[in-house]
Amino acid sequence: MAPNPAHTALWPAPHASGPVDATVHVPGSKSVTNRALVLAALASEPGWLRRPLRSRDTLLMAGALRALGVEIEETVSSSSSVAGGPESTGEAWRVLPTGLHGPATVDVGNAGTVMRFLPPVATLADGPVRFDGDPRSYERPLNGVIDALRRLGARIDDEDRGALPMTVHGGGALDGGTVSVDASSSSQFVSALLLSAPRFNQGVEVRHTGATLPSLPHIRMTVDMLRAVGAQVDTPESGGEPNVWRVTPGALLGRDLTIEPDLSNAQPFLAAALVTGGKVVVPDWPARTTQPGDRLREIFTEMGGSCELTEYGLVFTGSGSVHGVDVDLGEVGELTPGIAAVAALADSPSTLRGVAHLRLHETDRLAALTKEINELGGDVTETADGLHIRPRRLHGGIFHTYEDHRMATAGAIIGLAVEGVQIENVATTAKTLPDFPDLWTGMLGA
Ligand SMILES: O=C(O)C1=C[C@@H](OP(=O)(O)O)[C@@H](O)[C@H](O)C1
Ligand SMILES: C=C(OP(=O)(O)O)C(=O)O
């Protein structure tokens with residue numbers, strides 16, 4: 001098969017001629033948008049999502065729910081056609097839940113949220129739902145969801161792969177009950193089971209059995225959003241047993257929800273302020289959030305910046321110096337590529353720990369970061385659960401991205417400080433941030 005020209009295209013990463021000084025309106029959170037879509041589809045009354053993210057992952061989620069019979073009406077006001085046009089700035093989605101129907105086909109792309117959150121929803125449909133996706137989706141772990149759903153009463157045909165492609169034979173309802181799951185490879189196994197659980201006959205009790213559990217803030221996001229639509233959820237934090245979550249069956253409310261900006265997608269812009277000694281303002285940064293990107297305030301401060309959270313948003317300022325860090329990123333794994341890029345430009349070494357599960361993300365991120373930074377002259381080694389990064393003078397070259405949006409934005413950060421970096425397939429940022437190239441050049445005043 002001939003390679004897709006978009007995948008081999010090279011984007012000259014802009015080099016910063018001085019400190020950046022910009023306000024960047026970051027589109028909505030992928031994780032919040034996709035949870036909100038699922039919860040709205042399972043509700044017993046219509047709901048609204050305002051300022052939803054329109055990106056590949058969220059359009060796949062919306063498309064899949066529509067395939068199951070849910071109506072999602074989009075309203076795009078003409079005044080929203082800033083920063084990339086209506087394609088990327090959908091104003092509001094009205095979700096009208098209906099009975100969930102099969103037969104249907106779901107394309108998960110390479111979206112972890114779609115491949116994990118929707119099989120439990122599909123058990124509630126009244127017919128077979130076929131799941132398929134990008135080649136990489138076949139390699140990403142799904143066995144925790146498949147095994148758990150079977151034990152809760154579902155019929156799933158995966159030809160013993162424990163992975164995609166597969167068919168969930170929806171029976172119109174699911175028993176639910178207590179189930180153990182090893183979610184050490186992805187927190188999304190737990191989130192997936194909790195999100196649909198109010199609609200299971202007995203709700204669910206999920207008991208995580210693995211040695212580690214990544215991305216806890218994302219599980220808290222699931223719990224908070226469930227509670228906001230009226231679900232009763234018991235958690236380890238609310239006095240329950242460690243690693244056990246319980247959801248009571250019950251109807252879900254339709255909600256009018258404004259989606260927060262995606263703080264993980266704010267990362268490259270904050271990193272730009274850090275590595276150029278400039279200033280970036282991100283409007284609407286939430287005062288309280290479960291998004292893991294909020295940890296950037298602390299991590300990027302340790303790496304040399306400073307921040308002020310105002311009513312308007314986050315003001316982040318670089319000092320002109322960038323320092324290495326020794327940090328456990330297990331709770332905030334999706335921030336690793338951007339932190340690794342900054343660390344490669346720092347004045348001292350870094351150790352990034354707690355992220356072995358990144359080998360199972362969009363690509364093997366530990367291998368990809370090591371290879372690509374080293375090919376620009378860097379000195380990165382993989383450890384069992386992370387990276388050691390010893391900064392060195394880097395040179396230009398091609399930064400391969402492996403169809404991983406966060407590899408592309410990591411390469412762009414390096415390109416600010418290193419002349420001649422070319423990003424392969426920058427279009428892969430469409431997974432969560434289709435506007436990235438325009439926002440990036442806009443930030444640089446180009
Ligand atoms: O639930 C979510 O929205 C997510 C959970 C995390 O997944 P893992 O726990 O698989 O890392 C995160 O990395 C991903 O980007 C989004
Ligand atoms: C790991 C990520 O995505 P996914 O939701 O596909 O797991 C990510 O966005 O960094």
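Two strands are taken to pair if DSSP finds at least two bridges between them, and helices (H or I, at least four residues) and strands (E, at least two) are DSSP runs numbered from the N terminus. The model is predicted, so that local features need pLDDT of at least 70 and side-chain atom pairs count only at pLDDT 80 or more, whereas totals for chains, interfaces and linings use all residues. Residues are numbered from 1 along each chain as its sequence is written, chains are lettered from A and ligands numbered from 1 in the order in which they are written, and side-chain values use heavy atoms, with hydrogens and water left out.

An open sheet of mixed pairing is formed by three strands in the order E1-E23-E22. Because strand E1 (10-12) and strand E22 (397-399) each have a single partner strand, they stand at the edges, and one side of each is left without a neighbour in the sheet. From one strand to the next the twist averages 35°. Strand E23 (residues 421-424) pairs with E1 in the antiparallel sense over three bridges, and isoleucine 423 in E23 stands opposite tryptophan 11.

Around ligand 1 there are 13 residues, of which Ser31, Arg35, Ser186, Ser187 and Glu334 come nearest; a residue is counted here if one of its heavy atoms lies within 4 Å of the molecule. Taken alone, ligand 1 exposes 380 Å², of which the protein buries 96%, with accessible areas from the Shrake-Rupley method and a 1.4 Å probe.

Note on methods. Axes fitted to C-alpha atoms, helices over the stretch in contact; angles between N-to-C directions.
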